[in-house]
Amino acid sequence: MAMKRGDRRDSNYDNNVNNPRSRQKEPTPPRELQQLLMTVRAQRDEAQQRAKENELEPDVAQMFPNSEAVNEALRFLIRVTSKND
């Protein structure tokens, strides 16, 4: 059975079916890009602030190689002080 003209699909359709990632997307509007950039910067600033809050002084960092060691020492201190109350 011969293919009718209306049954044919263009090459762009075949490309979209076989390679869905190759579809051209609409460019993101500048206003939306600006909002996204502001969100990312705010998240970065919050992460940097949290990192600064949890920074150890060099002499303390020498005694505690990682956060697990710090947490263990603090839990021990909590147990010791709560027993004395």
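The model is predicted, so local features need pLDDT of at least 70 and side-chain atom pairs count only at pLDDT 80 or more, whereas totals for chains, interfaces and linings use all residues. Residues are numbered from 1 along each chain as its sequence is written, and side-chain values use heavy atoms, with hydrogens and water left out.

The chain contains four helices and zero strands, where helices (H or I, at least four residues) and strands (E, at least two) are DSSP runs numbered from the N terminus. From the N terminus on, the order of elements is α-α-α-α. Of the 85 residues of the chain, 2% count as buried. The accessible surface of the chain amounts to about 8800 Å², and carbon and sulfur atoms contribute 51% of it; these areas come from the Shrake-Rupley method with a 1.4 Å probe, and for residues only the protein chains shown count as cover.

Leu33 belongs to helix H2 (residues 30–53). Together with Leu36 and Val40, Leu33 forms a nonpolar surface patch with about 270 Å² of accessible area. Such patches are made of residues with over 30% relative accessible area and no salt bridge; nonpolar side chains (Val, Leu, Ile, Met, Phe, Trp, Tyr) are joined within 5 Å, and like charges within 9 Å. An α-helix has 3.6 residues a turn, so residues three or four places apart point the same way.

The structure holds one salt bridge, defined as a side-chain nitrogen of Lys or Arg within 4 Å of a carboxyl oxygen of Asp or Glu. The side chains of Arg44 and Asp45 form this contact, at 3.1 Å from N to O. Arg44 is partly exposed at 44% relative accessibility, and Asp45 is partly exposed at 40%.

Methods: Buried < 20%, exposed > 50% of the residue type's maximum accessible area, 1.4 Å probe, protein only.
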